[in-house]
Amino acid sequence: MEEERDQTGTSWRNLPQSDEYPKPRLEDGAVLNGEAKNKTTKHEPVKCNLNLLQMLKAAESRSPPQCQGRYRAEESGYGTRELVTEALKTGTQIQFPEQKPNFNKHFANTSRHSPADSISQLSLDSYSSVCSDSKDKSSPRDKHQKTSKGFSDFCIKNMKQAEFGRREIETAQQEMPALMVLRKSACGEKPLAGAKVVGCTHITAPTAVLIETLSVLGAQCRWAACNIFSTQNAVAAALAERGTSVFAWRGESEEDFWWCIDRCVGAETWQPNMILDDGGDLTHWIYKKHPGLFKKIVGIVEESVTGIYRLYQLSKAGKLCVPAMNVNDSVTKQKFENLYCCKESILEGLKRTTDIMFGGKQVVVCGFGEVGKGCCAALKALGAVVYVTEVDPICAVQACMDGFRVIKLSEVVGQADMVITCTGNKNVVEREHLDRMKSGCIVCNMGHCSTEIDLLSLRTAELRWEHVRPKVDHVIWPDGKRIILLAEGRLLNLSCSTVPLFILSITPTTQALALIELYRAPEGRYKQDVYLLPKKTDEYVASLHLQTFDAHLTELTDEQAQYLGISKHGPFKPNNYRY
């Protein structure tokens, strides 16, 4: 068989053996094989194999021009390339000139990099605010901050990050085509002129695009965060710099969380007339602390399953004071954000926090709704063995038909490597389950609220908490067993990573249209109850995203539309259709 050769034609089998390489030189007093060696004050010629010299020559010739002869011997004027060339001509000895390493010279030249090859300190600081805990542990509540224009009605972590946050928002705009279309088509009409929207959602770049779109459409906005870990500090700074009253920062305490919400709704000179909520905390706080505000509030738009549960409970008890729009159960929210978004982001959140390999791992997913379906599909695709727990027989059969084993948590918790909750319920994972988990089991939540895992039962004297890295805690039992708790049981993907921007174009567009629908509806159209968006609105939101895929819809003929008994322009499905 023909010997393998490098590009110079040199046979790999002819490379010098270990005993042909030069022996190491030692300092004074060092001993090699029992013999003391004297310190050398000057480099001696190094005898090298001819084949090795030829390989060095070939490697040097293949290197980029800017790297050839990069490290030069200052006294002799020779570089590596010249020394090797000379050795090939005259023999097999290379005389390296003696020189002292100048480390400072290398670092002194680092400032000469072009802007495209460097990262500004501002970017580094801002990236840290987005992806890790800030080193500044002081509370923003203790600071008096102002924007470059003197605006001060806000409370965030660091105004210096506004420039980076603006770039984040501009990047998000490129992946959110529907909201940008909405801005252009409705900005002249100003459908939200006079609206005062108080919001409580995740404060991320996609949310910022929504907030600024509402402003373009005529609304005044004040905003707080619905999750203490999901706020992107740089984005919050960028919003404040443009004049939005935002009260949020990453890593808020529970006290800070409610303080920020109260600052949003308790302004003396500003009272909201629209609520945009994610989780129901803002609505709950207004009912509890500022019930008089409901006299002026036109309606509520809610996007999470937890918040919808609370609204339906209020409606059933006759305590819902205003109409509410259920965005969570809109088709676009369920199918795109809940399913496809979680399908991608669950893996990123787990990888960033644990660096785990999924192949062969036994994973329990509690709940097989749209979020659970997305999580199960992603984990199964990477080779995990996935079990599902469910209370709904329809969802349970769906899980079985997709190839998952439906089982009670108590039956499998002792062998699980990972337990993921996504039900929207409370105490899905209780202390008895946590006690039976094996050491190293990862526990996390993909639902909106942290109530799915019984965290209070872990705050006891016999259990020790060890903070390992941002959003990762080890809870250690007396016998040494430990479970790995992510994001303190809060929403994993937005707390520990980011989510696809394109998916987050869909729900904010639906929220904006829901606000317009409630705000501009004729008096009497909506009662004090919870409503779904019209099917036509869902179809419109979906159609705004088709251009991104260069997709072209087929149009019904008049005869086909008449045969189906629908308008050729939609809606194409009845309200009870299950997609």
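Predicted model: local features only at pLDDT ≥ 70, side-chain atom pairs only at ≥ 80, totals over all residues.
## A buried asparagine

N227 is buried, with a relative accessible area of 3%; buried means under 20%, exposed over 50% and partly exposed in between, using a 1.4 Å probe and protein chains only. You'll find N227 in the loop between β6 (220-225) and α8 (233-241). Helices here are DSSP runs of H or I with at least four residues, strands are runs of E with at least two, and both are numbered from the N terminus.

What does the side chain of N227 reach? Leave aside neighbours within four places in sequence, and N227 is in contact (heavy atoms within 4.5 Å) with H202, F257, R490, L491 and S495.

Residues are numbered from 1 along each chain as its sequence is written, and side-chain values use heavy atoms, with hydrogens and water left out.

pLDDT is the predictor's confidence in each residue, from 0 to 100. The protein chain averages 82, and 76% of the residues score at least 70. Over residues 1-44, though, the pLDDT is below 50, and it also stays under 50 over residues 99-134.

## The sheet

Now for the strands: seven of them form an open sheet in the order β7-β6-β5-β8-β9-β10-β19, with parallel pairing. Two strands pair if DSSP finds at least two bridges between them. At the edges sit β7 (245-247) and β19 (530-532), each pairing on one side only.

Take β9 (residues 299-302) and β10 (residues 324-326), which pair in the parallel sense over three bridges. Here V301 stands opposite M325 in β10.

## Nonpolar cores

A nonpolar core is a set of buried Ala, Val, Leu, Ile, Met, Phe, Trp, Tyr and Cys residues joined through side-chain atoms within 4.5 Å. The largest one has 49 residues, and V246 and V301 are among those touching the most other members. Which helix gives the largest share of this core? That's α18, with seven residues.
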